[in-house]
Amino acid sequence: MIEDERMNGSEAVIQATGLVKRYKDLEAVRGIDLEVKRGEIFGFLGPNGAGKSTTISILCTLLVPSAGTAKVAGIDVVQDPARVRQRIGLVFQDPSLDDQLTGRENLEFHAWIYSVPASERGKRIDEMLALLQLTERARSQVRTYSGGMKRRLEIARGMLHQPQILFLDEPTLGLDPQTRQSIWTYLNELRAAKGITIFMTTHYMDEAEYCDRIAIIDKGKIVALGTPDELKAMVGGDVVTITSSRTDEAAAEIEKRLGVTPIRDNGSLRMEVPDAKVFVPRLVRELEAPVDTVTLRRPSLDDVFLKLTGRAIRDEEAGTKDQMRAMASRWMGRRR
Amino acid sequence: MTAKAVAPETVLATPALEAVDTRLASLRAIYIIWYRDILRYWRDRWRLVASLAQPLLFLIVFGSGLSSALGRGSLFGSAGGFTYIQFMYPGIIGMAILFTAIFGAMSIVWDREFGFLKEVLVAPIDRSAVAIGKALGSTTQAMIQGLILLVLAPFVGVKLNLLTVIELIPLAAVLAFGLSSFGVALASSMKSLQGFQVVMNFLMMPMFFLSGALFPLTNLPGWMTVLTRIDPASYGIDPLRRVVLSDSGRSSALVDRFALTINGQVLAVPLEAGIVLAFGAVMLGIAVMMFQRRD
């Protein structure tokens, strides 16, 4: 397939080995290895506080790793951060525009600070504004922009100095579904037009599906890495979810009579089975506990995450320790 | 397919990057950081107007009030001498410079809070450019803010000629630079807006009160004399006053009665300017060091 050809045929633009980031009494990143090929859209998926932002910050030279090495565009991020930065574009999790300046002025600022040659400045700014459909509003102050427009402007800005890799940290966070969808359309167009490598983090499972390859990260470690299809194949076959008025009883019966261990998720029972067509009739026949509803579907990345970590990715009510971790990484991320 | 189309372009882009001269890049960065500050300053007309309101209030209310209270028997109001308003006027110019410079430099804290600082800090430039650009940006703003007040001279009975004005420009610039650099150094270590109030109450106000803007720094209690001589703003405001009042047709001995002294010696204006400049340079050095630290 296209993906295979791309991966075999080109070199790695990001290489990380054994990355660790320790803060006083917490280890945000605990040994991460990964390789991203030229032209890929690589997704970094995990719940809040899993270490996504910390890892991306190390790769972008914003944080120095406590251990391990990383090369971005062939350059060591610790030894030569300035040269790495000249070759990467960044879109941060938190907004970083000057909203008293116009869209165009924000881009001009960036072009200057990244030493875009004077003869190229205007041309590239026009091109990026057009590509992200901001031309009409380019002369309005950014504070009058919508959330989606601000994000697009940040993406345009990140591309101005023609980076080889565009890093996006939760680029669609806080945007409505339609806007999220359109950001993805723009990112795909950008890749088609500029052939850029995109490295992004997200905690939206549906977005990860747009990626060529995904690393699932949990508690500072990569727990799975592959194409969305490969990852979904880790969940055997189909996903069957039932609800019952006597959940405990039903769970015990399923385990005993059908030889499948159901996972509890929000009051329902979820199980992975090789073939739902055969399984569901058996389930209904053999269960004495009442079954109220049955749903079956193809596995999603949510299921993959649930299988690998035993909890759903959108469990925002995660343990206090996880929350602390999330707070710490968010806070420390903001400091630099 | 996409991958193939791409590779040549990215390969071509790489060698050009190597040619980027880092010193030139720093200069460009300093320029654009400075320019952004000026742009925002112009755009925010209300701030310009509002920042003139305070000096005016001081001059009109505070100045007039004290002028009549200080009538006879003091340094002011004697026949042929200066009135309190005339004395205070250059001090108010200094005040405008002091507040604008430090507030301007502290806008770094806002930039940090609202995320923009990140865009600057991740750029492939030497971070010293950030501190220098910001210091020069507030220097320019503060200088303009102070010099605008010169239009009030006729209203307070101070005569100025072109030469005096030309002489005042570098003096205002030096004071603005010293205080802006101080502001940048403070802001570089400040992570939140909370610290701002502290700086305001415990640094800016004392600096203003002790600077000689409102009263002559002579015949003060010993402890206060020491504090006023530590205050860098004193060395910036004193030259402003001596130059502003120099063209009043009165003897220089009369002007020197207010002058800043150390051990009874009146300091020369260039020496004072040099002290402020040196202070600014040290502060800027500290700011640069603070910015170059990396987590």
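A: Domain bounds here come from an automatic or database domain assignment. By that assignment, chain A splits into domain 1 (2–232) and domain 2 (236–298). The centres of these two domains of chain A, taken over C-alpha atoms, are separated by 40 Å. Keep in mind that this is a predicted model.

Chain B has 12 helices and 2 strands, and along its sequence they follow the pattern α-α-α-α-α-α-α-α-α-α-α-β-β-α. Of its 295 residues, 44% count as buried. Among the contacts in chain B with a separation of 6 or more, 83% join residues 24 or more positions apart.

Our part is a pair of helices. Two packed helices are described by the angle between their axes and the distance between the axes. For helix 4 (residues 84–113) and helix 6 (residues 128–148) of chain B, the angle is about 150° and the axes are 8 Å apart. Angles over 145 degrees count as roughly antiparallel, and therefore helix 4 and helix 6 of chain B are roughly antiparallel to each other. Helix 4 of chain B passes helix 6 of chain B in a right-handed crossing.

Which residues meet here? Helix 4 of chain B brings residues including Ile93(B), Ala96(B), Ile97(B), Gly104(B) and Ile108(B), and helix 6 of chain B brings residues including Lys134(B), Ala135(B), Gly137(B), Ala142(B) and Met143(B). The residues of this contact between helix 4 and helix 6 of chain B divide into 9 nonpolar, 8 polar and 1 charged.

Key. Residues numbered from 1 in each chain as written. Chains lettered and ligands numbered in written order. Predicted model: local features only at pLDDT ≥ 70, side-chain atom pairs only at ≥ 80, totals over all residues. Axes fitted to C-alpha atoms, helices over the stretch in contact; angles between N-to-C directions. Helix = DSSP H or I, 4+ residues; strand = E, 2+ residues; numbered from the N terminus. Parallel < 35°, antiparallel > 145°, perpendicular 65-115°, else oblique. Left-handed = near helix turned anticlockwise from the far one by under 90°. Contact = placed C-beta atoms within 7 Å. Nonpolar A, V, L, I, M, F, W, Y, C, P; charged D, E, K, R; others polar. Buried ≥ 20, exposed ≤ 12 C-beta atoms within 10 Å, placed from the backbone.
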